[in-house]
Amino acid sequence: METISITLPDGATRQVPSGTTAAEIARNISHGLAREALVARADGELVDLARPLDRDTRLAILTAKDPDALQVFRHSAAHLLAAAVLELFPDVKLGIGPPIDYGFFYEFLREAPFTPEDLERIEKKMHELAERNLPNERKMLPKAEALELYRNWNQSFKCELVEEKATEPLVSFYTTGKFIDFCRGPHIPSTGRIRAFKLMNVSGAYWKGQEGNPQLQRVYGACFFTQPELDEYLHRLEEAKRRDHRRLGVELDLFSIQDEAGPGLIFWHPKGGLVRKLMEDWSRDEHLKRGYQLVYTPHIMRLDLWNTSGHTDFYRENMFGAVEVEKADYQLKPMNCPGHILIYKSRLRSYRELPYRLAELGTVYRYERSGVLHGLLRVRGFTQDDAHIFCTRDQVESEIEGCLNFVQSVLHTFGFDRYEVELSARDPQHPENYAGTVEEWENAEGALTKTLDRQGISYKYIPGEAVFYGPKIDIKLVDAIGRPWQLSTVQFDFNLPRRFGLEYVGEDGSRHQPVMVHRALWGSVERFFGVLIEHYAGAFPLWLAPVQIAVLPVSGKFTEYAQQGARELTAAGFRAHLDDRNEKLQAKIRDSEMQKIPYMAVVGGKEAEAHTVSVRHHGKGDLGPRPLATFIADLAGEVADRTAPKPPS
């Protein structure tokens, strides 16, 4: 009998008969491992436990402890969903059903929309099929037979997929009960392990994501290995709804989006505008401290400029249409970099001027389809805290290091203590998508990698995610409920200096080409503000709060003392609001709490006599009486430290 060699993760090897399955090897290793096994990894490829092994293989048995197993688990849950839908609605046409970050979805074409009651029935049927522990079995069919199967079943979308994607004579299918799906797999052995799931919602989705194709119904489900994990996810989801910046933006009167003006365009109301001013003032001061020079550039420039930069070649789909002015085409700027380049190029620079750091809170305009617009987080007009550093190649690593230090300062100041880092590189299989030579890309990626390594920053390497002009470092902050947000970025660019013919006079008297570093800290003012709202659930730290203290007289008899207190607070530089309405004190406290004002100063007879205030804190309640002067000193210290209290989780 022919034998093959199996190498396990610990380096041990086993000789087994050819055709032995991963499930059999798991049983030989440990019955416990066999019970927990979900899928295997053979020579780096995920495979079914039932797949026969016919050559020497490096093999790992994956359980719920392995992240890769979770994606396979969720893919199998998508098949379970499709099986349940077919039992209840046998005439549906099937689309696709992949795993996603928190679960799975499957697409269906059905004349009637799925109702909430339908989802309840489908979920119940999924549990029934899971209890039956139906096997997920792989079958190989000739392509012609596969097409015939789907034609007889009237599954036109599946026929289309088989025609397009089946390149081998035999086509891979998986069966789950009565359901059979064209699928590469792998899958977990059976449905019995899939218990912790919940169908979430239904949305419309064009077939293959292309407008003009039939619109299918996409049923989404959440899925985890255990019920406690699912419960925790559902709790976080409810918490995310409570923090939704779109709702809080209205309730706290911070910003709006006006239909009359158009989607994706933000109107900053006075309270939101004040927070924005505080953010921008801090940003400008910090930039000046770190050697940046502040500039302003036009919102619209000649289209030829964008031809030179390459944006019309690589970025046209995200740009608004050109505007004709005096028989010349102009373009709303999608980025600030060409404007900064023109400032650099306005005269010949010396090496003594480098690094030359230009910073701008520059408003840009990008065309986003209406379906992806989302409050402050995805808009069509936004202001970037943009900077471009022109430097020598020898200065690049130190400049990138300075940018990363600046990012960490931003996160700390605004109350974020966790972040994730990604290094986005080019896809070597598609060089046509990128500007520059292989050597330039290798040097640029090396500069970013060395800087991250030198600073001891752990990061994830992601090929294929670089922008067209160079590799980049993306920093994702993690908010109070554990969600990552892509905001800060540091990008290397050797392309634009060449396109615009940038030069500097070196120490040797010759002319040389600088390199550029693109850098944004917040990403955009709008997006960062939206994240701040959700991170703090609208309860901003004192230094950022649009109203810092509400002064609340117990009754009209104490209005004069309350006015005096409000004047003293205002004179000390605080944003105080006197609530002298003819309302009961509890109503005033409730309204201040709803507006998430950090502090309340309650004044009555005792306070007026002792020149004190009774202090209340949003979310903490009564802090007791304090002399007004002491209260002002405490507030000043908190603002000076920019203390960011731990946001509610």
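At what angle do the axes of helix H9 and helix H16 cross? They cross at roughly 110 degrees and come within 11 Å of each other. Keep in mind that this is a predicted model.

**The H9 and H16 crossing**
- Helix H9 covers residues 270-289, and helix H16 covers residues 525-535.
- Angles from 65 to 115 degrees count as roughly perpendicular, so H9 is roughly perpendicular to H16.
- On the H9 side, the contact is made by Gly 272, Val 275, Arg 276, Met 279 and Glu 280.
- H16 brings Val 525, Glu 526, Phe 528, Phe 529 and Leu 532 to that contact.

**The nonpolar cores**
- In soluble globular proteins, nonpolar side chains tend to be buried together.
- Here, the largest nonpolar core has 63 residues.
- Met 279, Phe 414, Ile 473 and Phe 528 have the most contacts inside this core.
- Helix H13 (residues 396-413) gives the most to the core, with eight residues.
- Take a look at Phe 528: leaving out residues up to four places away in sequence, Phe 528 touches Met 279, Val 410, Phe 414, Phe 416, Leu 477, Leu 487 and Trp 522.
- There's also a second, separate core of 38 residues, and Ala 77, Phe 108, Leu 129 and Ala 130 are among them.

**A three-stranded sheet**
- Three strands make an open sheet in the order E9-E10-E11, and the pairing is antiparallel.
- Strands E9 (136-142) and E11 (179-182) sit at the edges, each pairing on one side only.
- From one strand to the next, the twist averages 30 degrees.
- Seven bridges link E9 to strand E10 (residues 170-176).
- For one of the partners, find Asn 136: its bridge partner in E10 is Thr 176.
- Helix H3 (residues 67-88) packs on the sheet and touches E9, E10 and E11.
- The direction of H3 makes about 130 degrees with that of E11.

**A buried lysine**
- Is Lys 472 buried or exposed? Lys 472 counts as buried because its relative accessibility is 14%, and the cut-off for buried is under 20%.
- You'll find Lys 472 in strand E25 (residues 472-478).
- The Lys 472 side chain makes a polar contact with the side chain of Asp 474, at 3.4 Å.
- Setting aside neighbours within four places in sequence, Lys 472 is in contact with several residues, including Glu 422, Glu 465, Val 467 and Gln 491.

Conventions. Residues are numbered from 1 along each chain as its sequence is written. This is a predicted model: local features need pLDDT of at least 70, side-chain atom pairs count only at pLDDT 80 or more; totals for chains, interfaces and linings use all residues. Side-chain values use heavy atoms; hydrogens and water are left out. Two strands pair if DSSP finds at least two bridges between them. Helices (H or I, at least four residues) and strands (E, at least two) are DSSP runs, numbered from the N terminus. Axes are lines fitted to C-alpha atoms, for helices over the stretch in contact, and angles run from 0 to 180 degrees between N-to-C directions. Contact means heavy atoms within 4.5 Å. A nonpolar core is a set of buried Ala, Val, Leu, Ile, Met, Phe, Trp, Tyr and Cys residues joined through side-chain atoms within 4.5 Å. Buried means under 20% relative accessible area, exposed over 50%, partly exposed in between (1.4 Å probe, protein chains only). A polar contact is a pair of N or O atoms within 3.5 Å; within protein, one must be able to donate a hydrogen and the other to accept it, and residues adjacent in sequence count only if both atoms are side-chain atoms. Angles under 35 degrees count as roughly parallel, over 145 as roughly antiparallel, 65 to 115 as roughly perpendicular and the rest as oblique.
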